[in-house]
Amino acid sequence: MNERNREQELEATVRTAIAGERGASWDDMLCELHSWHFRHNPPYRKFCETGGVSETVRDWREIPCVPQDAFKHTDLRSFPAAETVKTFRTSGTTGEGFGRHHFRTLEVYETAVREGRRLSGLPAGPFLVIAPHPDEAPHSSLSHMFGTLAQREDFIASGGKLDLSRLRAAQEPVCVLGTALGFLNLCEQLGEERVGLPAGSTAMETGGYKGSGRDISREQLYGMISDRLGIAPEDIFNEYGMTELSSQFYARGPKGLHHGPPWARAIVCDPVSLEEVGEGETGILLIYDAANVGSVVGIRTQDLAIKRGRAFELLGRDPAALPRGCSRAADEWMNR
Amino acid sequence: MNTADRANAIAEAAEPFRALLGPTSTANLLAWVAAELGSAEALDRWITHGPAKTKALAPRTILHVVSGNTPHAALQSLISGLLLGSRNLVKLPRTGLIEADEFISRLPDVLRAMVDASSELPEKWLSSTDAVIAYGSDETLAALRARTPTGKIFIGHGHKASLGIVWADAEFASCAGAARDASLFDQQGCLSPQVFYVRETRTGFARDYAEKLAAAMEHFNRTHPRGPLAIEEKAAIANLRAAYRFRAAGDLRVTLWEGGGNMDWSVIYEEDAWFTASPLNRVVFVKPLPEDLAAAMGPAVDYVGAVGLFPCTEELADRFAALYPSRFCPVGRMQDPPWTWHNGGLPRLTSLVKWVDFEP
């Protein structure tokens, strides 16, 4: 079998296993994908070799995690550039460049989005999306995720203008999808108005408030959504994902912990030794995502989390106001 | 107590803080008053002012809102208020500030009675004060300014980013000083350099400079180890190192030197001249000096604190005037501003006093 056929076979294997059409040992699959990436992704290979990691690993935990930031400076692609069908970009700050995640096929990605949603317990629709449609934001993985879950007509924020009448007119339970900032804007736009969505309605919010200068807790946000839209806080989900990944982690309710699908693993590690921390301890989040067939499976995120069994409690990039002097630090620029 | 008496008492109380404050003798303090107010006695008696006479009036009460990791800034602020003879309300960080406690306890009774310190900020402090001096982020300052009644003096010291420029240093004579500048106060101060721009007097000089600086950082660390890191600070440095390690593996325009497994210090050489903000705690960048430094600073150009120069000449300061720092000084002395330094571009005593004239 030539490499090209092998590549398509790998994609098909991962996709059908995610879809539950056939069983898979995800431990072995992660190791196999690492070998594939090692052979076909020169920057990744160099990174592995620098760290003394070879093409073959016996345990998925031996797979080195590429820093999230590397997507800004390097094309982490395990297939010929000419075969790229889609590139998602991060929202970088000026001068820093964008992170880029290239895809040879979106089938695995979209299967992971649909199955991940199903496993999380989030309803299958009908949806109302308070974010731009993929046509308006073609480089946004977030929009693409919303577009994978919802229909074209479910998008009610075309051209940056929110069509509140669609919310007011809802007759059956709906699932409202959007960014945290989008929900905040929605609540502010509603002002004193209370839209009581039909009982059984749910919501899924994602992302932080980067660039907005806003910062409110998940509990406060869910309180606002609950108050304005009549959705119980326990029926609001947070989705944790990123441009550099193909899979998502979901938490339900204001205090919910994040869980991933079986093909994606999140481990909380000491930032220096990269040893997994003990139960209840804080560290950085490393993610292994078998749906990242065309890039790399191991990602070192910039987020902090607390280990809670097989799940994690997300703290984010800057969990506490840092005790800091008058020097303007990197994260302060980032937050602008 | 007149100004000289107060200066004398302050100098005595400040004695153990020499490393934080630099020279703080009675003469230093009186020279500062004289430099700003025209006479060391301007607060005590009428001094000639054109055809008339004038006297400086200190604010009755000054509120100092200070930050935790820069005790020297807190002490400097309090000292300015005491020197003027004002009553001082000091809002300490939530975790307290032992340097402030110790300094206050060393004051003679009459000066100590002029200081109230608390980790809380009672609303009546804001309403009863004549002037506010605050240190903090843009957001903190905006919130405080909004709470300060109109008509009061408000002096906000926002967060700044400092840098060094090495114009010509074939012998790497400035490296030890550069390491000191970037290491003291664990880089938390507004005078702490985050990037050194090094002129390529020969090909590869900036990279060589970075290597020498790394050695100097290690040397400094042996006698002055870094303070403890919170998990998020540790993670920020570890993530930055990981990102640059990845890049350095395949890109010769980037090199990373890492001090110790304990995140003691990091030096990153990067050919790209764009100003990269440091996560602090002894993480310093070295970049070749570009043609247009102000442009390479990007949004940071609005937040320049001090610029360390080597060599430190007026010509060089004029060349980089477009950075609008509040201070040009030699590399190696960035952390030692004199008492007369215009912090934030403003005279520190003059900004607080009012003048009353007497016409005979």
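Predicted model: local features only at pLDDT ≥ 70, side-chain atom pairs only at ≥ 80, totals over all residues.
Between which helix and which strand of chain B does the loop holding Gln187(B) lie?

**View 1. Backbone at Gln187(B).** The loop that contains Gln187(B) runs between helix 9 (175–183) and strand 9 (193–198) of chain B. Although Gln187(B) is not a glycine, its phi is positive, at about 70°. There are 26 other C-beta atoms within 10 Å of Gln187(B), so this residue is buried.

**View 2. Backbone at Leu280(B).** Leu280(B), a residue other than glycine, has a positive phi near 70°. Leu280(B) counts as buried because it has 27 C-beta neighbours inside 10 Å. Most residues other than glycine have a negative phi, and most peptide bonds are trans.

**View 3. Cis peptide bond in chain A.** Gly125(A) and Pro126(A) are joined by a cis peptide bond with omega of about 0°. Pro126(A) is placed in the loop between helix 5 (107–120) and strand 4 (127–129) of chain A.

**View 4. Cis peptide bond in chain B.** The peptide bond between Phe310(B) and Pro311(B) is cis, with omega of about -5°. Pro311(B) belongs to the loop between strand 13 (304–310) and helix 13 (314–319) of chain B.

**View 5. Domain contact in chain B.** Chain B is assigned domain 1 (3–159 + 340–358) and domain 2 (161–325). Their C-alpha centres are 32 Å apart. Contact between them involves four residues of domain 1 and five residues of domain 2 of chain B. On the domain 1 side, the touching residues comprise one nonpolar, three polar and no charged residues.

Conventions: Residues numbered from 1 in each chain as written. Chains lettered and ligands numbered in written order. Domains from an automatic or database assignment. Contact = placed C-beta atoms within 7 Å. Nonpolar A, V, L, I, M, F, W, Y, C, P; charged D, E, K, R; others polar. Helix = DSSP H or I, 4+ residues; strand = E, 2+ residues; numbered from the N terminus. Buried ≥ 20, exposed ≤ 12 C-beta atoms within 10 Å, placed from the backbone.
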